[in-house]
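User: I have a chain open in the viewer and would like to talk it through with you. Could you start with whatever term I need for the strand pairing?

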Amino acid sequence: MIKLNMKIITLIILLILSACSPNNEKDPSDSIFQVDVDEIEDVKVNEKFQIVGYLKNSSMRTVEISHGSGMFSYEIYNEAGEKILPNATVLLEHAIGYQVEIGPGEEYRNNGQDQRSKGYYEFVIDQPGNYKVKTHVEFTMNNDGKQKKISLSSESKEFKVQ
């Protein structure tokens, strides 16, 4: 009988402690966004092509974000894993800010056209082959008066240059 009472008391104590412990839920901003890039097709050797990344709101509510003209950046790698550099020697960027709302399921694209050099999102590749692009995005999420800086990256996406 004493063992049964001890087990019941132990169970009650564990239930009380778990109810009183701090909330260990993840910050919702950690998982509500997806980063990807639009399909890159028909790329020819020595011809300019643009990369367009996007941020998707995967939550069920509208979110407000703010960012600069350089929200999206891209890295391209060849088959040997070597990084392909932009073909511009000078890259300029205006210090401008954007504040937007992204609805549930909505994809947001903004390469900062007219606010930064095309070299940030326009590339020329001089060798045919298979390449990978990775998209990086930096912004601030405005949530109930609190701001949180967020930096995310996409998985690598393959494309072919002919």
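Analyst: Two strands are said to pair if DSSP finds at least two bridges between them. With that in hand, and bearing in mind that this is a predicted model, strand β3 (residues 53-57) and β8 pair in the antiparallel sense over two bridges.

User: Which residue of β8 stands opposite L55?

Analyst: Opposite L55 stands Y108 of β8.

User: What's the strand order in that sheet?

Analyst: The order is β1-β3-β8, in an open sheet of three strands with antiparallel pairing. Because β1 (33-37) and β8 (107-108) each have a single partner strand, they stand at the edges, and one side of each is left without a neighbour in the sheet.

User: OK, on to the aromatics. How many aromatic pairs are there?

Analyst: The structure holds four aromatic pairs. One of them joins F49 and F123, whose rings are 6.4 Å apart centre to centre with 35° between the planes, a tilted arrangement. This pair links distant parts of the chain, with F49 in strand β2 (residues 49-50) and F123 in strand β9 (residues 122-123), 74 residues apart.

User: And how do the rings of F49 and F159 sit?

Analyst: The ring centres of F49 and F159 are 5.7 Å apart and the planes lie at 55°, so this pair is tilted. Because F49 lies in strand β2 and F159 in strand β12 (residues 157-161), the pair ties together parts that are 110 residues apart in sequence. F49, F123, Y131 and F159 form one aromatic cluster.

User: F49 and F159, buried or exposed?

Analyst: F49 counts as buried because its relative accessibility is 9%, and F159 is buried with a relative accessible area of 4%. F123 is buried, as F49 is.

User: Which residues touch the most other members of the largest nonpolar core?

Analyst: L55, I76 and F159 do, in a core of 30 residues. At least two residues of this core come from each of β1, β4 (63-68), β5, β7 (97-102), β10 and β12, and the largest share, five residues, is supplied by β10.

User: What does I76 touch, leaving aside its neighbours within four places in sequence?

Analyst: On that basis I76 is in contact with residues including F49, F123, Y131 and F159, and also with I51, I125 and V133.

User: Changing topic, where is N78?

Analyst: N78 sits in the loop between β5 (72-77) and β6 (83-84). With a relative accessible area of 18%, N78 is buried, because the cut-off for that term is under 20%. A polar atom of the N78 side chain lies 3.0 Å from the backbone nitrogen of A80, and, leaving aside neighbours within four places in sequence, N78 is in contact with I84, N130 and Y131.

User: And Q147, buried or exposed?

Analyst: Q147 is exposed, with a relative accessible area of 64%, and it lies in strand β11 (residues 146-153). Not counting residues up to four places away in sequence, Q147 touches T140, M141 and N142, and a polar contact of 3.3 Å joins the side chains of Q147 and N142. Q147 and S66 are 81 residues apart in sequence, yet their C-alpha atoms are 9.4 Å apart in space.

User: How many bridges pair β10 and β11?

Analyst: Strand β10 (residues 129-143) and β11 pair in the antiparallel sense over eight bridges, and F139 has I150 in β11 as its bridge partner. The hairpin of β10 and β11 has two residues between the strands, and D144 takes a positive phi near 50° there.

Technical notes
Residues are numbered from 1 along each chain as its sequence is written. This is a predicted model: local features need pLDDT of at least 70, side-chain atom pairs count only at pLDDT 80 or more; totals for chains, interfaces and linings use all residues. Side-chain values use heavy atoms; hydrogens and water are left out. Helices (H or I, at least four residues) and strands (E, at least two) are DSSP runs, numbered from the N terminus. Buried means under 20% relative accessible area, exposed over 50%, partly exposed in between (1.4 Å probe, protein chains only). Contact means heavy atoms within 4.5 Å. A polar contact is a pair of N or O atoms within 3.5 Å; within protein, one must be able to donate a hydrogen and the other to accept it, and residues adjacent in sequence count only if both atoms are side-chain atoms. Rings of Phe, Tyr and Trp (its six-membered ring) pair if their centres lie within 6.5 Å; planes under 30 degrees apart count as stacked, over 60 as edge-to-face and the rest as tilted. A nonpolar core is a set of buried Ala, Val, Leu, Ile, Met, Phe, Trp, Tyr and Cys residues joined through side-chain atoms within 4.5 Å.
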